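Have the sequence and the 3D view open side by side before reading on. We'll take a walk through the fold, with the geometric criteria spelled out as they come up.

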Amino acid sequence: MAPWTGLWGARAGAGAGAYRGTPVVVKMENPNWSISEISPEDAEDEDFLVSGAGAARRRKGGRGKNAKQITWVLLLKAHRAAGCLASLASAAVTLGAAARRRVADGRTDADAGATPGSAGESPVLRSRFYAFIRAFLLLSLLLLAVELAARFHGWDLAASALALPIIGVESLYASWLRLRAAYLAPLLQFLTDACVVLFLIQSADRLIQCLGSFYITVKRIKPRLKSPALPDAEDPDAGYYPMVLVQIPMCNEKEVSVARSQQSIAAVCNLDWPRSNFLVQVLDDSDDPTTQSLIREEVAKWQQTGARILYRHRVLRDGYKAGNLKSAMACSYVKDYEFVAIFDADFQPNPDFLKRTVPHFKDNDELGLVQARWSFVNKDENLLTRLQNINLCFHFEVEQQVNGVFLNFFGFNGTAGVWRIKALEESGGWMERTTVEDMDIAVRAHLHGWKFIFLNDVECQCELPESYEAYRKQQHRWHSGPMQLFRLCIPDIIKSKISVWKKFNLIFLFFLLRKLILPFYSFTLFCIILPMTMFVPEAELPDWVVCYIPALMSLLNILPSPKSFPFIIPYLLFENTMSVTKFNAMISGLFQLGSAYEWVVTKKSGRSSEGDLISLAAAPPRELRHHPKTGSAPSMEALMVLKEQPSPKKEGKKQQKKHNRIYKKELALSLLLLTAAARSLLTKQGIHFYFLLFQGISFLLVGLDLIGEQVE
């Protein structure tokens with residue numbers, strides 16, 4: 001294509017013969033244009049050749065980029081930037097439409113437990129909710145309007161002028177300044193300093209843990225077997241194959257329960273261990289008859305293959321998971337077993353799981369627990385699962401591993417672990433007194449002198465919750481339960497015969513610092529104090545508290561999962577957003593409020609279950625490879641039956657649709673943070689402004705439930 005000689009050519013005052021510069025060819029390939037430079041020596045078209053002095057000058061090597069070439073490059077870059085802006089605008093419009101639909105739908109977290117079949121939430125509840133939001137927004141805007149008016153009228157009164165008598169509206173503002181400086185600022189500054197001290201203590205603890213993890217990695221420290229590894233022989237007399245009881249506790253999990261239960265049952269029945277030396281207990285607490293029959297049928301199929309597997313169902317479902325495990329351990333045949341391995345319904349151990357965990361108990365009579373780490377089949381499903389993966393990778397890679405190596409103690413994760421049954425019995429067995437029965441038994445076993453081992457290289461696949469509602473309920477239970485347990489076991493810790501250092505570790509580090517102080521300062525400092533300092537500027541919060549230290553801590557948290565580095569900023573913002581839920585759970589557990597004893601099974605999508613189940617069905621069990629006619633491998637029939645046959649409880653009722661909800665606390669705090677961000681512009685506090693702005697947007701997205709799985 002011939003070079004364009006529009007405005008620039010006309011401005012030059014000559015035609016094509018006066019064309020100057022390096023000719024270019026522009027290929028109009030939307031959205032990515034490309035430029036091909038044509039050398040005058042290689043061009044055949046006379047229109048590209050320039051004769052005379054201009055050509056001679058270029059042949060001498062003086063050719064350079066002229067204004068027209070630079071203009072084309074700038075235009076193309078502008079085109080790409082416009083394309084990016086268009087994509088961002090489209091995403092913003094889509095997000096705005098989703099937010100508008102969410103607000104119009106009006107289902108809040110307060111009516112999450114509405115009666116099934118109801119038309120919707122109470123109109124009174126909705127009106128109160130919006131009245132609360134409007135009142136909070138008006139109050140925030142009023143404070144901002146006062147500051148704007150003072151700035152506009154020049155009421156920037158010095159401290160010496162506040163003592164002088166001033167009349168009019170300006171006197172009201174002067175009174176507000178005196179009140180703020182004399183009473184509000186000292187109190188807020190005291191709270192700020194206290195939270196900063198707690199923040200530094202917790203950050204130091206986090207840094208020490210990371211250094212310990214780094215030391216373990218460099219020195220390649222890992223638990224070693226005190227005896228040789230097991231041989232590959234199947235003969236129980238040829239090696240160390242003690243009697244192992246394998247338990248799979250499960251409860252109602254709606255439409256995905258059978259798929260995941262089949263998957264877990266298949267994985268456990270295929271464990272590489274002599275079948276005469278392990279027994280599988282399927283502990284079904286479901287109250288849906290259809291689910292019960294399908295799981296019982298799956299157990300019967302595996303019994304036909306020769307697997308030693310039993311189905312148990314409780315009539316009285318007391319104590320949730322702890323009650324289920326306690327009931328199973330009361331069976332008379334349990335006395336014949338030395339160890340018990342526990343797997344939740346969505347956990348699938350590898351065939352060599354027992355061979356890599358149980359040998360650590362040999363010739364180690366003080367060992368009570370061997371814990372494996374988790375891996376996640378859906379960690380890349382959405383932003384919420386990616387952020388959870390960052391948290392849990394740090395938990396296993398750093399917290400569990402460091403505590404296991406240097407202290408021989410950590411909190412049991414409730415699944416993917418092997419217990420010595422003697423340790424459970426001496427510690428009092430499973431108790432239903434808290435919602436964290438796994439942490440409860442771990443603390444009691446530690447007080448009785450039992451040691452723990454964490455195996456970072458032994459993984460057990462599971463699934464992360466993909467919806468914010470499920471994740472929020474899970475975090476509430478995980479943070480209210482420890483506070484319940486702390487109230488109950490603090491006398492036992494003080495009276496125990498363990499060393500003073502172990503008592504200090506349990507009371508201060510394990511409970512107070514990591515379970516109480518962390519959610520307290522995270523919520524108070526970044527969600528309350530920081531925005532308040534914008535309206536009470538006499539109380540100062542240093543930049544390093546707002547930016548540098550949190551950034552460093554987030555960087556340390558993300559090191560165990562380096563592939564998640566692009567999500568470091570969303571991770572920092574989301575963790576501060578979750579502090580609302582964690583703080584509320586901590587308070588409810590500490591003071592025994594109503595929600596402290598709420599035990600809700602974490603909902604999982606089961607997306608990966610069907611594909612894995614098909615692969616298990618395609619590969620017959622280990623014993624069936626030699627005896628193909630003795631039984632059948634798991635199939636997808638039960639899953640299809642569950643989808644086709646509704647539960648008897650749901651027959652005759654209209655099926656409830658799932659809805660995303662609006663979370664009032666998060667939404668209200670987003671208004672406060674965004675208003676404080678606007679106020680920070682007046683004082684030109686750059687770091688504070690950006691932090692408040694992005695944190696407010698994060699609260700807004702979470703408050704409208706726009707993170708995680710979206711329900712159409």
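First, some ground rules. This is a predicted model, where local features need pLDDT of at least 70 and side-chain atom pairs count only at pLDDT 80 or more, while totals for chains, interfaces and linings use all residues. Numbering starts from 1 along each chain as its sequence is written, and side-chain values use heavy atoms, with hydrogens and water left out.

The protein has 20 helices and 10 strands; these are DSSP runs numbered from the N terminus, with helices being H or I of at least four residues and strands E of at least two. Of its 712 residues, 50% are buried, where buried means under 20% relative accessible area, exposed means over 50%, and partly exposed is in between (1.4 Å probe, protein chains only). Take the contacts between residues at least 6 apart in sequence: 80% of them join residues at least 24 apart. A contact here means heavy atoms within 4.5 Å.

Now to helix packing. Two packed helices are described by the angle between their axes and the distance between the axes. The axes are lines fitted to C-alpha atoms, for helices over the stretch in contact, with angles running from 0 to 180 degrees between N-to-C directions. Find α10 (residues 383–406) and α13 (residues 468–495): they pack at about 25°, with axes 11 Å apart. The crossing of α10 and α13 is left-handed, meaning that the near helix is turned anticlockwise from the far one by less than a right angle; clockwise would be right-handed.

Which residues of α10 and α13 meet? On the α10 side they are Leu384, Gln388, Asn391 and Leu392, and on the α13 side Tyr468, Tyr471, Gln474 and Trp478. By class, this contact has 5 nonpolar, 3 polar and no charged residues. The classes work like this: Ala, Val, Leu, Ile, Met, Phe, Trp, Tyr, Cys and Pro are nonpolar, Asp, Glu, Lys and Arg are charged, and the others, Gly among them, are polar. Zoom in on Gln388, which counts as buried at 3% relative accessibility. Not counting residues up to four places away in sequence, Gln388 touches Leu464, Pro465, Tyr471 and Gln474.

Helix α13 has another partner to look at. The axes of α12 (residues 437–447) and α13 come within 11 Å and cross at roughly 15°, which makes α12 roughly parallel to α13. This crossing is right-handed. Met439, Asp440, Val443 and Leu447 of α12 make the contact with Pro482, Leu485, Cys489, Asp492 and Ile493 of α13. Those residues divide into 7 nonpolar, no polar and 2 charged.

On to the rings. A search of the whole structure finds 24 aromatic pairs. Rings of Phe, Tyr and Trp (its six-membered ring) pair if their centres lie within 6.5 Å; planes under 30 degrees apart are stacked, over 60 edge-to-face, and the rest tilted. Phe199 and Phe526 have ring centres 5.7 Å apart and planes at 90°, so they are edge-to-face. Phe199 sits in α5 (residues 169–219) and Phe526 in α14 (residues 500–535), so the pair ties together parts 327 residues apart in sequence. Phe199 is buried at 2% relative accessible area, and Phe526 is buried at 3%.

Tyr471 and Phe574 form a stacked pair, 6.1 Å centre to centre with 25° between the planes. Tyr471 is in α13 and Phe574 in α16 (residues 568–590), 103 residues apart, and both are buried. Also in α16 is Glu575, buried at 17% relative accessibility. Leaving aside neighbours within four places in sequence, Glu575 contacts Asn391, Ser522 and Lys582.

Arg220, in the loop between α5 and β3 (244–250), has a positive phi near 55° despite being a residue other than glycine. Arg220 is exposed, at 69% relative accessibility. Tyr320, in α8 (residues 320–329), also has phi near 55°, and is partly exposed at 45%.

Key. Angles under 35 degrees count as roughly parallel, over 145 as roughly antiparallel, 65 to 115 as roughly perpendicular and the rest as oblique.
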